[in-house]
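Please read the following account alongside the model.

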Amino acid sequence: MANRHLTTRYAAPSPLHQPRTALHRPLYPAGLGWWEHDFAFSNFKIKDEAQIRALRDLGLERLRYDPARSDCEPLPLAAPEKPAPAPVVEDPESRARQLRAEKLRKLRQRVADVDRRFLQASQQVKTLNQTLRSRPEDAVQQAGAIVVELVESLLGEPGSVLHSITGKAAEDSYFHALNVTVLSLLLGRQLGLDAEACHSLGLGALLHDIGKMEVPSKVLLKAEPLTKPEQQFLQLHTDFGLRMGQRLMLDDEVLRVIHEHHEHCDGSGYPRGLREAGISRLSKLVAIANQFDNLCNPLDPRNAISPHEALALMFKQQRERFDEVALKAFIRAMGIYPPGSLVQLEDDRFALVLGMNPSQPLRPTLILHDPNVPKQEALILDLEQEPGLAIARSLRPSQLPLEVLEYLSPRQQLSYYIEPRPGRG
């Protein structure tokens, strides 16, 4: 290699050599003596890589060289290394906000999927009701297709979540049929029914009121209390439905649901006043779902009670009417605060229960009231992901300020639907 004459800045002169001119005079910094390096002189020519490594090992900050005594020009100085960029320290609060926003986005997407599926199913049920009058055989096929979809959704995912659908007009009777079907299937799955039994259960629930097609609308839609003859005529819808089902050649299990969904285990029901042993197992399940929806969505909305209250009333005051095992399973399936319940949080804010978490019934998904946020963009909270929040109590609609009630529940009736299975369209 070409030799360059260097003078070490931090090495003291050896006693065997004294520099002749000031040009080659080394520096004498404190803390480094001539005995602290292995070179014979403080001024010398670099001859090999070993000397370079030895100089580097000294940890010197700089070297002085003499161009006049060197054999070649020095190499250009290397550009100083750019310092590594400082690591980005993410604000924990900012990260928490990002995670929260992502969870809310996913939750809104889930709710939107449920809403879309509910609208599709409700339109199918509406078409079914219309087809029953003109082409009853086709209607049975349509009903079967609807039930297959629901059964697949429920049986395919052990953690299927029930949601209350809000913001839709639900004045039509076919919403009741869809509600009873969804709730009956949810209960059937809770009790471990297989796919075949669930299909019969769903078909019976969807068609349980077909006999009402023979009842005049002035009786069906009468807001005032029915007279005794009117009440007796209305009760005939179970017999009317049985005859229609027989003409359609429905299975016996389905026919029994249509005929027995108003029978009570204590013998107080109709049309035959059957007791527990005489009522089919599927009819007992539909009777529970039917009563629950009638309490939450009566003909006169002013008489509606919250889903939380409906469960409490059925268990405390009406339990003799229902199969005890099935009623307790229904309460477990619906959760402590069923979808559609109005609640107040421990921080005094109001909310509407949107969906239930099967693993944590006390921590459902909520729509939160916030006057500073438009209700179309209302905050959706999953209490399973919010350990700092909890429900303090359930409320009746009359206990909420009117503006809060309109914000949380823009319509007076509740409908239920099942969250779609992941990956299903």
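P271 sits in the loop between α9 and α10; helices here are DSSP runs of H or I with at least four residues, strands are runs of E with at least two, and both are numbered from the N terminus. The model is predicted, so local features need pLDDT of at least 70 and side-chain atom pairs count only at pLDDT 80 or more, while totals for chains, interfaces and linings use all residues. Residues are numbered from 1 along each chain as its sequence is written, and side-chain values use heavy atoms, with hydrogens and water left out.

The peptide bond that leads from Y270 into P271 is cis, with omega near 15°. M249, which is not a glycine, has a positive phi of about 55°. M249 belongs to the loop between α8 (237-247) and α9, and its relative accessible area of 72% makes M249 exposed. The classes used throughout are buried for under 20% relative accessible area, exposed for over 50%, and partly exposed in between, with a 1.4 Å probe and protein chains only. The other residue is D348, where phi is positive and near 80°. D348 is found in the loop between β5 (342-345) and β6 (350-355). As background to these backbone values, most residues other than glycine have a negative phi, and most peptide bonds are trans.

E260 and R272 form a salt bridge, at 3.5 Å from N to O. This pair links distant parts of the chain, with E260 in helix α9 (residues 252-260) and R272 in the loop between α9 and α10 (281-296), 12 residues apart. A salt bridge is counted when a side-chain nitrogen of Lys or Arg lies within 4 Å of a carboxyl oxygen of Asp or Glu. E260 is buried, because its relative accessible area is 2%.

How many salt bridges does the structure hold? The number is 13. One of them joins K222 to E230, where the closest N and O atoms are 2.8 Å apart; K222 is partly exposed at 23% relative accessibility. Another joins K106 and E102, at 4.0 Å from N to O. Both K106 and E102 lie in helix α2 (residues 92-134), 4 residues apart, which is about one turn of the helix. K106 has a relative accessible area of 48% and E102 one of 33%, so each counts as partly exposed. A network of salt bridges links E102, R105 and K106.

The structure holds 0 disulfides, where a disulfide would be a pair of cysteine sulfur atoms within 2.5 Å.

L311 lies in helix α11 (residues 307-316) and is buried, with 6% relative accessibility. From L311 to Y337 the separation is 26 residues in sequence and 9.3 Å in space, C-alpha to C-alpha.
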